[in-house]
Amino acid sequence: MEIFFGAFTSEWEQRRAALLHEMSSGGRGASAEEEMRRRLKQLAQLGAAGGGGGSGGASGGRGSASKGRGAPRAQVTQAATVARPMEARLAAVAKGSQPAVVKMASYGGGARVGAMLNYVSRGGELKVENESGRILEGREELARIRGDWDHLFQNRAESRDIGSFSVEIAASGLASDEALHEQVRGTLTSGFGDRRYAYAIAKNEGGSVTVQGLVVLRSGQGERLTGDAKAAGIIQGRYDASAAAGEAAAKFSFHGYGNGVEFGASRLRGLVDRHDDVRDDRGQPIANEKHAGDLVQKEWRGELHSRKSRDVMHVIMSARAGTDVAAFEGAVRDFLAHQFAGHRYVFAIHDPASDPKEAGEGGKRPHVHAHAIVAMKSDSGDRIETTPAVFREWRSVMAEKARENGIEMEMTDRREFAAPPAFTRTQVRPVSREGRTEHVGTSEAAQARYDAKRGGRRMVAKSDRSREYIIKAQESWQKITLVGGDRQVVAYAAQHREYLESWLSTAQTETSSTVIRADFGSNFRINLATLQEMVLEGQELREMSRAEFETYEKKVETALFKLERSVSADDRADFDEIAGLARDFVNQKRELVDLYEQRKEALAEQVGDAPRSEPRDSANDERDAAVAKHGEAVVEAGNEAMIEIEHYREGLDRIEAGSADRKEGMQAGLNRALERAAQLAIEGNSYVRDVADQDPGLKRAIEQEESKSDRPEEVKDKAASNAETVDEQQRDLRADEEDRQPIDDDARAAHELASTVDATNRLQDRLNKDREAVQRGGETTRTDPAQQHIPRLEELEREQIEQRERDRDDRDR
């Protein structure tokens, strides 16, 4: 029986029908993998064309607002909802419509999926529904989700932020406790440097002491320890070389490590619970668990630079108390199907009437809400974007789906109501979860922001873009008051119009009275320009090493710190937006660094020269292994070909869908680069053939070149001759290598360094020739390889400028 998916009005109904049809026709076996991929793609297209709960002409999935190699811009544009006029939205709110609340709660790695599902399902007691409309009940069915989604996860390791350590210090003969603490802090500082730590002392028989504690693994200079035996050896060596080692012998060791503030606060509270006298690196006592939590939350947090893999996200959708639960569940179902078409997700409804969790533990909240766990990567490889413009669209779609299910709901903007900006989960920590969660700020600025939001203080953003938006909102409120009708509606509109008028006049007065200070007496513009320079520095570096990236990350954070000190309280919201964009750019560079390292590890594992368990500390290990197998000349030629291929692939990844001309040009360049690499392989370059085993696109190009039957005989003869020449070069290089075996390690290292520098210089010369060719303005020709592609640095700069313009347009909308 054939299933006609268009007969169903909701996306989740289409997916459920597809799932049942697949199960009845043979399941999801490995033999049906291609069929499953085709169906998933078909479902995504159906969602974009008309799914998502039958929302009329503006329905359908956005395709997760994702950005990737397979996400055509036309599909995204078609799926986007039609913006509801501001006047209509505000009039509905004045009549009693509730605001749409969609929150991004957190991100998590693949290892966190089980814990997140356990929280959402209340330990398996609540029913959970997936993207196909299937109801999952019980721990066993939930446990299978982790395996079903595993292919969508990057499974990147979390950063090691805090380590547990112990130090054995020999007998010192110090009588007083204060003198002993001074000696212990001197010992720890000699090993740890400027890292923050907390410790407790236990005296042993014979006068020696054992020190146990926690230390922030990242130093102020950006060096991050691994919290294991290797890190203990590094710290031990630094201590042994210090002056403190002459006063007392000490032995350092690590016993574990963890990620994030929660781990550090939990371990430090445990240390306080086990010991009576716990102190920090400044000698301040940590008296109780509250002080322990404050130390980690307020002082250590900024030192961690913690990062986690973003494989899944936790989204919360809320409604007012008294909202019909069944209607809200239908709205949530349609919203998720519309917004995250093509992605795996599950959701559960938390109804205060049926929530098994007690109020004192954070359950039985007074309003109905839903939790969704969504895979960031779709089955087709697209990733979800999370930007202010996307979050605004989420609220708009949620409001639309709620209205379709009989709930009066509207998308709102805080600028329309002179409301203060929201506080983030990193700025506060909960102190009571009963009813509405109460928080305290992790800093004075965070506490002020929290008080302003919870106190309903009126506040208007001061940027030019926001001021223009507020003027439009004021005009809309004015129109609502002139229309008349219900007295309460008119009074509500007049009140909010007065809020905006009052704040606009105040802002105008402040601007006119401080224009000289803003232009000449403030460091804000200077610090902002410095931050921009630091961020743009990252786009000039095509490929960073880990050390280079951490240095770059430190520069950006330093620039953000200086900018934050010079920003006024009224511009705090704008600073948070700038800081978020800067950190998102740094996170993208971090992902690129991880990808480069993964590629190098894959090449090294393929060669098999070094065991898997050995750390790859040297950037030249993979190259050395390849040179030993194929010869230096072969590897150099192959590397240049692969660099050109990666250049065009990265360019295609960054080009927005819809830029057809640019995309076609980059694709043509990629085809030419693949063709040249394939010719190298055919002519005898064994290194390229090895790389092709891990690169399907290159492998297909080689097969196509080999299958050409009209190749001239002289080319074949040339290939054979080149193969013989390459073999001779490899034999000569191996013979030279054997002759050089008795040379000492220093001479060998110097030779390797010289070879690397020479290869780098040749690549730089090639890039310089590309730049000169473009500056001359000459047409590219197929006979001049140096002019067959745009120089990489200029391409990156142009792409970044265009990306910033698109982001600015998105925010303006």
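Reply: Arginine 185 is a residue of helix α7, which covers residues 177-192. Helices (H or I, at least four residues) and strands (E, at least two) are DSSP runs, numbered from the N terminus.

Me: What should I know about the model and the numbering?
Reply: This is a predicted model, in which local features need pLDDT of at least 70 and side-chain atom pairs count only at pLDDT 80 or more, while totals for chains, interfaces and linings use all residues. Residues are numbered from 1 along each chain as its sequence is written, and side-chain values use heavy atoms, with hydrogens and water left out.

Me: Back to arginine 185: buried or exposed?
Reply: Arginine 185 counts as buried, because its relative accessibility is 11%. Buried means under 20% relative accessible area, exposed over 50%, and partly exposed in between (1.4 Å probe, protein chains only).

Me: What does arginine 185 touch?
Reply: Not counting residues up to four places away in sequence, arginine 185 touches Tyr197, Tyr199, Arg279, Asp280, Asp281, Arg282 and Gly283. Contact means heavy atoms within 4.5 Å.

Me: Which other residues of α7 are buried?
Reply: The buried residues of α7 include Leu180, His181, Gln183, Val184, Thr187, Leu188, Gly191 and Phe192. The buried residues of this helix pack against β6, β7, β8, α8 (229-240), β9 and β10.

Me: How many residues does α7 have, and what happens at its start and after it?
Reply: Helix α7 has 16 residues and reaches 22 Å from its first C-alpha to its last, close to the 22 Å expected at 1.5 Å a residue. The expected span is 1.5 Å times one less than the number of residues. At the start of α7, a side-chain oxygen of serine 176 comes to within 3.2 Å of the backbone nitrogen of alanine 179. Such a polar contact is a pair of N or O atoms within 3.5 Å; within protein, one must be able to donate a hydrogen and the other to accept it, and residues adjacent in sequence count only if both atoms are side-chain atoms. Glycine 193, with a positive phi near 75°, follows the helix.

Me: Which strands does α7 lie across?
Reply: Helix α7 lies across β6, β7, β8, β9 and β10, and runs at about 130° to β7. Axes are lines fitted to C-alpha atoms, for helices over the stretch in contact, and angles run from 0 to 180 degrees between N-to-C directions. Helix α9 (residues 260-274) also packs on the sheet, touching β6, β7, β8, β9 and β10, and its direction makes about 160° with that of β8.

Me: In what order do the strands of that sheet come?
Reply: The order is β9-β6-β8-β7-β10, five strands in an open sheet with antiparallel pairing. β9 (250-258) and β10 (278-280) are at the edges with a single partner strand each, so one side of each has no neighbour in the sheet. Two strands pair if DSSP finds at least two bridges between them.

Me: Why is β8 described as largely enclosed?
Reply: Seven of the eight residues of β8 (residues 209-216) are buried, so the rest of the structure largely encloses this strand. β8 pairs with β6 (residues 162-169) over eight antiparallel bridges, and valine 211 in β8 is the bridge partner of valine 167. β8 also pairs with β7 (residues 197-203), over seven antiparallel bridges, with glutamine 212 in β8 as the partner of alanine 200.

Me: Changing topic, where is histidine 369?
Reply: Histidine 369 is in strand β13. With 7% relative accessibility, histidine 369 counts as buried. A polar atom of its side chain lies 3.2 Å from the backbone oxygen of histidine 367. Leaving aside neighbours within four places in sequence, histidine 369 is in contact with Met317, Ser318, Phe328, Ala348, Ile349 and His350.

Me: Which strand pairs with β13 over seven bridges?
Reply: Strand β11 (residues 312-318) pairs with β13 (residues 369-375) over seven bridges in the antiparallel sense. Methionine 313 has valine 374 in β13 as its bridge partner. Both strands belong to an open, antiparallel sheet of six strands in the order β3-β11-β13-β12-β4-β5.
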